[in-house]
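Thanks for coming. I have one structure to go through today, so please look at the sequence and the model on the screen.

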Amino acid sequence: MARDTEGLQPGVPAVFELAVRSLTSAQFRREVRLEQAPAPKRLAPHTHALSADVFADEGDDDATATGRLVLLYDPAGQEAWHGEFRLVTYLRASLEPEMGADPLLLAVGWTWIVESLAGRSAPYTAASGTVTRVASEGFGGMAGDLASAEIEIRASWTPLESDLTAHALAWGDALTTAAGLVPLPAGVVAMPPTRRRRAR
C-alpha cells in the first residue's frame, strides 16, 4: 500500500507537500484499503491522488464501495475554487435493490459528503457535485439474473486549511457510509489489523 509522497514532482511548493503528507498520513478504518493512484496532470499545476476499496469483511474479495480522492493545487488560485486547493472525489457503492429505488436516495447520497465533512469539523467552501443511481434488471434470457443497484457520487470542495487530515477522514467516513458500515462511536480510533506471522 503506497501512502507516501513518492509521487510528488520535484520542486513542489512546501504548502503542497504539507497538504499531501497530511492527506496520506490519516488513519482509516481497517475495512478501507488505500493506494496511491495516478493523478490527473492537466487540472492543476500540482496534483496528488488516492484510491480506496472498502470491504465489509476482511475475507471478502469484492469491494462494497470504491473511491478516488484527488488533491489539486494551483498557487495562483482558480476563480471557481475560491482558493488555491481543491479536493475532488468519485465514490461508487453497491446497494440493495430496495434502497436503490428509494426516491430520497440521491439527496441522501449528497448528505454523506457534507455530513462527513461536518462530522470531522473540516472547514470548506464552494462544494458541488452530482449523485447518480444506476439500476439494472435482466430480461429475456437474462431474466433470472438478480436485479442490482449502485450509487455514484462525484463531488468537489475547497478546503480552508492546508492540513487535510480532517478532510481525508471525512472522505473515509463517506466511503464507509456508502458501503453500509456502521459508523464508529465518537472518539474511537480504528486500529490497523494485527499481522499474523507466517508458519515456517
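Start at the hairpin of β3 and β4: four residues lie between the two strands, and His82 there takes a positive phi near 65°. This is a predicted model, so local features need pLDDT of at least 70, side-chain atom pairs count only at pLDDT 80 or more, and totals for chains, interfaces and linings use all residues. Residues are numbered from 1 along each chain as its sequence is written, and side-chain values use heavy atoms, with hydrogens and water left out.

When I say helix or strand, I mean DSSP runs numbered from the N terminus: H or I with at least four residues for helices, E with at least two for strands. Two strands pair if DSSP finds at least two bridges between them.

β3 and β4 run antiparallel and are joined by 10 bridges. One of the pairs is Tyr73 with Phe85 in β4. On to β2 and β3, which are also antiparallel, with nine bridges; Thr47 has Leu72 in β3 as its bridge partner. Nine bridges join β4 to β6, again antiparallel, and Ala93 stands opposite Ile151 in β6.

Put together, six strands form an open sheet in the order β1-β2-β3-β4-β6-β5, with antiparallel pairing. β1 and β5 (124–136) are the edge strands, each pairing on one side only. From one strand to the next, the twist averages 15°. Angles here run from 0 to 180 degrees between N-to-C directions, and axes are lines fitted to C-alpha atoms, for helices over the stretch in contact.

What lies across the sheet? α4 lies across β1, β2, β3, β4, β5 and β6, and runs at about 15° to β4. Contact means heavy atoms within 4.5 Å.

Now the interior. Buried means under 20% relative accessible area, exposed over 50%, and partly exposed in between, with a 1.4 Å probe and protein chains only. A nonpolar core is a set of buried Ala, Val, Leu, Ile, Met, Phe, Trp, Tyr and Cys residues joined through side-chain atoms within 4.5 Å.

The largest nonpolar core has 43 residues, and Leu23, Leu71, Ile113, Ile151 and Trp171 touch the most other members. Elements supplying at least two residues each include α1 (14–24), β3 (65–78), α3 (105–119) and α4 (165–178). Which element gives the largest share of this core? That is α4, with eight residues. There is also a second, separate core of seven residues, with Ala44, Ala49, Val70 and Trp81 among them.

Leu71 is worth a look on screen. Leaving aside neighbours within four places in sequence, its contacts include Phe16, Ala19, Val20 and Leu23, as well as Phe85, Leu87 and Leu164. The buried residues of α1 are Phe16, Ala19, Val20, Ser22, Leu23 and Thr24, and their cover includes β2, β3, β4 and α4.

Glu31 sits in the loop between α1 and β1. Is Glu31 buried or exposed? Glu31 counts as buried because its relative accessible area is 11%. Beyond its neighbours within four places in sequence, Glu31 is in contact with Asp53, Val54, Phe55, Ala56 and Leu181.

Last, the chain totals. The protein chain has four helices and six strands, in the pattern α-β-β-β-β-α-α-β-β-α. Of its 200 residues, 38% count as buried.
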